[in-house]
Amino acid sequence: MNHHTFTALADPHRFQIVELLRERPHSVGEIADRLGLRQPQTSKHLRVLVGAGLIDLHPQANRRVAHLRPTPFRDLDDWLTRYHPL
């Protein structure tokens, strides 16, 4: 786990994107529509999430579809587990 995870998730829109992707993968357009964001703004947030390693974007026909990557979330869970005794 790295600090980029926290930096990426600290933004409310990016956090909402991650929560949305928990349901299922979504296209960039679907994310923009669901969250009431403009497509360029959505793409910018997705680039940050990709850079932090939290999501992958896969081309499908004429769309790009965002998927959560499980490993960073497992790493985050492992890190948080150390604090459960508190």
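## His45 and its neighbours

His45 touches Asp11, His13, Arg14, Ile17 and Leu37, leaving aside residues up to four places away in sequence. Keep in mind that this is a predicted model. His45 itself belongs to helix H4, which runs over residues 39–51. One of those neighbours gets a polar contact too: the side chains of His45 and Arg14 meet at 3.3 Å.

Is His45 buried or exposed? Its relative accessible area is 8%, and the cut-off for buried is under 20%, so His45 is buried.

Now for the charged residues. Side chains of opposite charge can pair when their charged atoms come close. How many salt bridges does the structure hold? There are four. Arg34 and Glu23 make up one of them, with 3.3 Å between the closest N and O atoms. This pair ties together distant parts of the chain, eleven residues apart: Arg34 sits in helix H3 (residues 28–35), while Glu23 is in helix H2 (residues 12–23). As for the surface, Arg34 has a relative accessible area of 47%, so Arg34 falls in the partly exposed class. Glu23 comes in at 51%, and since exposed means over 50%, Glu23 counts as exposed.

Glu30 and Arg24 form another salt bridge, their closest N and O atoms being 3.7 Å apart. Glu30 is partly exposed at 26% relative accessibility. Arg24 is also in the partly exposed class, at 40%.

## Salt bridge: Asp56 with Arg69

Which residue does Asp56 pair with in a salt bridge? The partner is Arg69, and the closest N and O atoms lie 3.5 Å apart. Here again the pair links distant parts of the chain, 13 residues apart. Asp56 is in strand S2 (residues 55–60), whereas Arg69 sits in the loop between strand S3 (63–68) and helix H5 (70–81). Asp56 is partly exposed, with 31% relative accessibility, and Arg69 is partly exposed as well, with a relative accessible area of 30%.

On to the rings. A pair of aromatic rings is described by the distance of the centres and the angle of the planes. Searching the whole structure turns up two aromatic pairs. In one, the ring centres of Phe6 and Trp79 are 5.4 Å apart and the planes stand at 65 degrees; edge-to-face means over 60, so that is how this pair is classed. The pair brings together distant parts of the chain, with Phe6 in helix H1 (residues 3–10) and Trp79 in helix H5, 73 residues apart.

Trp79 also pairs with Tyr83. What is the geometry of the rings of Trp79 and Tyr83? Their centres are 5.0 Å apart and their planes lie at 55 degrees, so the pair is tilted.

Trp79 is partly exposed at 27%, and Tyr83 is partly exposed at 40%.

Terms used: Residues numbered from 1 in each chain as written. Predicted model: local features only at pLDDT ≥ 70, side-chain atom pairs only at ≥ 80, totals over all residues. Heavy atoms only, no water. Salt bridge = Lys/Arg side-chain N within 4 Å of Asp/Glu carboxyl O. Helix = DSSP H or I, 4+ residues; strand = E, 2+ residues; numbered from the N terminus. Buried < 20%, exposed > 50% of the residue type's maximum accessible area, 1.4 Å probe, protein only. Phe/Tyr/Trp six-rings, centres within 6.5 Å; stacked < 30°, edge-to-face > 60°. Polar contact = N/O pair within 3.5 Å; in protein donor to acceptor, adjacent residues only side chain to side chain. Contact = heavy atoms within 4.5 Å.
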